[in-house]
Amino acid sequence: MKTRTSLTAVALLAALTLTACSGTQTETAPTSSPTKTPEMPKATVTTAPVESTPPPTVAETPTCGTLISSATVDALTAQGWTYKEREFRIGDVVVEGGLECLWADYTTASDHGQMYGWGPLSADAARTAQSNLQRDAWLRSTEGDLVYFTEDPATAIATDDAGYGMTYEFGDGWVKFADTKQGLLLIEWEN
């Protein structure tokens with residue numbers, strides 16, 4: 001049995017020698033105490049000032065092509081209508097900087113057409129114009145901050161589905177006009 005133990009010891013010693021000579025090394029765990037991981041700087045969120053996109057450039061004054069929606073302009077011109085511009089008036093009050101557009105087929109005599117108007121209006125001019133309209137028997141109504149004056153339906157040439165003929169809409173610093181109250185919805189000019 002002595003030889004068997006010696007052979008086992010020799011085989012074990014040879015295996016250890018071969019392992020040491022093969023260049024394979026095993027790593028050992030560090031014996032020093034772990035160092036504290038440096039703290040990562042906290043991310044700071046900064047918001048850059050939001051650059052506002054400038055509003056689209058709008059013409060200084062309305063034109064008959066910009067006063068109403070482009071879809072309405074397209075529909076009117078598709079049926080062969082053109083426009084004539086004229087001074088925007090409310091009775092004897094001239095709306096400075098305003099515009100009235102009369103759309104129709106001017107190649108033929110007809111009473112068919114549409115009218116749209118818009119203009120800036122001071123509070124004093126608005127009071128005078130409204131007083132004159134009331135004096136001339138135009139009918140006054142309000143919706144929120146808006147004041148409407150419409151012609152008497154009994155004398156109107158044409159009316160919309162609600163029975164309104166030519167109508168003025170007074171807002172804060174402006175006035176709109178159309179041949180029907182419903183037509184006011186087509187005026188998109190805002191300044």
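**View 1. Phe149 and Phe170 are both buried.** This close-up comes from a predicted model. The two rings have their centres 6.1 Å apart. Their planes stand at 90°, so the pair is edge-to-face. Phe149 belongs to strand E7, residues 146-150. Phe170 belongs to strand E8, residues 167-171. The pair therefore ties together parts that are 21 residues apart in sequence.

**View 2. Tyr168 and Phe177 form a tilted aromatic pair.** Their ring centres lie 4.7 Å apart, with 35° between the planes. An angle under 30 degrees would count as stacked and one over 60 as edge-to-face, so this pair falls into the tilted class. Tyr168 has 7% relative accessibility and counts as buried. Phe177 also counts as buried, at 3% relative accessibility. The cut-off for buried is under 20%.

**View 3. Six residues make up one aromatic cluster: Phe88, Trp138, Phe149, Tyr168, Phe170 and Phe177.** The members include the edge-to-face partners Phe149 and Phe170. Tyr168 and Phe177, the tilted pair, belong to the cluster too. How many aromatic pairs are there by this rule? The count comes to eight.

**View 4. Strand E8 pairs with E7 and with E9.** E7 and E8 run antiparallel and share four bridges. Across this pairing, Phe149 has Tyr168 of E8 as its bridge partner. E8 and strand E9, residues 174-178, are also antiparallel, and five bridges join them. Here Thr167 stands opposite Ala178 of E9. Is E8 mostly covered or mostly exposed? It is mostly covered, with four of its five residues buried.

**View 5. E8 and E9 form a hairpin with two residues between the strands.** Gly173 in this hairpin takes a positive phi near 90°. Most residues other than glycine have a negative phi. Where does Ala137 lie? It sits in the loop between helix H3, residues 123-135, and strand E6, residues 139-143.

**View 6. Two lysines sit over tyrosine rings.** Lys84 lies over the face of Tyr106, 4.4 Å from the ring centre. The charged end of Lys181 sits over the ring of Tyr148. Its distance from that ring centre is 4.3 Å.

**View 7. Val95 is a buried loop residue.** The loop runs between strand E3, residues 93-94, and E4. Val95 has a relative accessible area of 2%, so it counts as buried. Leu121 is 26 residues away from Val95 in sequence. In space, the two are 6.6 Å apart, C-alpha to C-alpha.

**View 8. The largest pocket has a volume of about 490 Å³.** Its lining holds 21 residues. Which of them are the closest to the pocket centre? They are Asp111, Gly113, Gln114, Met115 and Asp179. Strand E4, residues 99-104, supplies at least two residues of the lining. Strand E5, residues 114-120, likewise supplies at least two. The lining divides into 10 nonpolar, seven polar and four charged residues.

Conventions
Residues numbered from 1 in each chain as written. Predicted model: local features only at pLDDT ≥ 70, side-chain atom pairs only at ≥ 80, totals over all residues. Heavy atoms only, no water. 1 Å grid on protein atoms, 1.4 Å probe; cavity = no way out; pocket = protein on both sides within 12 Å on 5 of 7 lines; lining within 4 Å. Points joined across faces, edges and corners; volume = space filled by probe spheres on them. Nonpolar A, V, L, I, M, F, W, Y, C, P; charged D, E, K, R; others polar. Phe/Tyr/Trp six-rings, centres within 6.5 Å; stacked < 30°, edge-to-face > 60°. Buried < 20%, exposed > 50% of the residue type's maximum accessible area, 1.4 Å probe, protein only. Lys NZ or Arg CZ within 6 Å of the ring centre and 35° of its normal. Pairing = 2+ DSSP bridges.
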